[in-house]
Amino acid sequence: MSLNQVRLPVVDDQPELPSAALPTDGRRRAIHPADVQGRFARSRNAAFAILLAIWAALPWIRVGGRQAVLLDVDARQLFLFGRTFNAQDTWLLFFLVTGVGFGLLYSTALAGRVWCGYACPQTVFLEGIFRRVQRLVEGPREKRMRRDAGPWGAEKLLRKGISHAAYLALSAAVAHVFLSYFMPARAAFGVVGQSPAAHPEAFVWVVAVTAFFYLNFGFFREQMCVVLCPYGRLQSALLDEHSFVVGYDLKRGEPRGKKGSAGAGDCVDCKRCIAVCPNGIDIRNGTQMECTACMACIDACDQIMDRLDRPRGLIRYDSQDGLAGKQRRIIRPRIVLYTVLMIIGAVVATVATRRRSDFEVNLLRLTGEPYTLDDGLVRNALQLHLVNKRSDAEVYRVEIEPADGMTVVMPMPTVRLAPLADVRVPVFLSVPRDHFRGDFPVRASITREGDASNVVRVAGTFLGPSR
């Protein structure tokens with residue numbers, strides 16, 4: 001069945017819709033998933049707790065005297081688990097972005113949308129924090145649905161007000177944690193008690209992120225996945241009959257009927273799988289764009305099967321071939337190709353990262369005339385641009401390799417560079433006009449103090465009049 005050919009049965013006296021998250025009339029239809037317990041729910045809760053703990057703790061963990069993860073926007077510096085990077089290392093983001101994208105493609109072809117169900121920030125924050133607050137304040141699914149369908153009263157206004165006040169407070173807290181990834185954590189939380197005018201950029205950032213999270217998790221919710229995120233629409237191209245997905249065993253479940261009905265399958269059409277789905281879909285209609293592989297429907301169906309003394313697995317995490325009773329194939333040409341490409345990409349990224357130098361130097365020509373003639377001398381004005389990418393201060397010694405008849409004037413032969421700092425060292429070269437026989441190379445060597453074996457060499461050209 002095509003991902004766009006999905007029809008839901010009538011649920012809770014609501015009209016039949018092609019998608020619970022996308023009604024045909026364009027109105028916002030709130031989805032209230034029921035609570036569910038089971039092995040997948042426990043694994044998701046554990047994954048959410050671990051990911052949220054790591055996310056909140058990373059800004060406070062220090063590695064090598066620096067914040068473990070910090071992208072200092074003002075200084076254009078990145079600290080990543082003891083490694084330091086500056087703006088000149090931006091090209092390395094290519095490997096990060098393509099690696100994440102390819103990893104998502106690989107995991108989808110192998111295991112379906114496990115990223116969406118277990119690790120996507122949208123899912124982690126919505127299911128791990130905001131929906132828990134809603135359940136705590138507004139009660140279980142049935143009470144929430146009845147309250148939403150009823151008129152506005154004191155209780156409804158109070159509970160909705162408390163929920164949205166909590167959403168706003170949580171959004172502000174989340175925004176401040178995110179801010180601590182872009183400025184030192186202690187400074188990020190220290191500016192809270194200061195005037196917004198003292199840190200206008202940080203203030204605008206926190207307000208914007210708070211508003212985004214509040215609107216997203218307070219109102220938009222599952223529509224972020226269905227409407228805005230392109231990943232769900234790409235899954236039909238990423239999945240094949242061997243990819244693991246959340247699926248319904250048609251052979252075993254159909255035809256549906258109550259327990260004891262003659263000729264009925266194992267599905268009793270209780271619609272519990274729909275009630276627990278955070279996107280309100282009916283997984284019995286096949287793989288659908290809205291399914292994020294949260295596997296709540298599996299836990300719900302297993303509970304029903306246990307009560308009916310029937311084997312679990314009517315809805316299960318399996319490949320389409322497995323659901324059809326065919327042999328499953330994990331190793332297949334697509335996976336082999338993806339694995340080879342992933343290994344090649346990892347090797348290239350590793351080599352590129354290891355070849356990155358923590359010190360860079362460039363020999364540049366000063367602006368203006370390329371050379372001057374003065375008192376029988378040909379003069380060139382150059383400069384050395386030194387960049388220290390290390391997190392410690394370093395001392396460098398600069399030497400210009402001598403050439404026949406060349407005089408070197410360099411006011412800063414020894415340079416002390418602060419961590420992640422740079423400096424420009426002027427170099428003035430002159431050659432007697434009688435000795436000049438044409439353009440020739442100029443070479444400089446830079447040595448870090450205490451490490452004579454590590455020498456960086458750069459070259460330029462001494463220019464003069466043509467003969």
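Trainee: How do the residues lining the largest pocket divide into nonpolar, polar and charged?

Mentor: This is a predicted model, where local features need pLDDT of at least 70 and side-chain atom pairs count only at pLDDT 80 or more, while totals for chains, interfaces and linings use all residues. Residues are numbered from 1 along each chain as its sequence is written, and side-chain values use heavy atoms, leaving out hydrogens and water. A pocket is an open set of points on a 1 Å grid over the protein atoms alone where a 1.4 Å probe fits, with protein on both sides within 12 Å along at least five of seven lines, and lining residues have an atom within 4 Å of a point. Ala, Val, Leu, Ile, Met, Phe, Trp, Tyr, Cys and Pro count as nonpolar, Asp, Glu, Lys and Arg as charged, and the others as polar; the lining holds 19 nonpolar, four polar and two charged residues.

Trainee: Which residues of this lining lie nearest the pocket centre?

Mentor: The lining has 25 residues. Nearest the centre of the largest pocket are Val69, Leu78, Leu80, Leu93 and Leu96.

Trainee: Which element gives the most to the lining?

Mentor: Helices (H or I, at least four residues) and strands (E, at least two) are DSSP runs numbered from the N terminus. At least two lining residues come from each of β3 (69-72), β4 (77-80), β5 (83-86), α2 (93-111) and α15 (333-355). With four residues, the most is given by α2.

Trainee: Which are the edge strands of the sheet?

Mentor: The open sheet has three antiparallel strands in the order β3-β4-β5. Pairing on one side only marks the edge strands, β3 and β5.

Trainee: Over how many bridges do β4 and β5 pair?

Mentor: Strands pair if DSSP finds at least two bridges between them. Phe79 stands opposite Thr84 in β5. The antiparallel pairing of β4 and β5 runs over four bridges.
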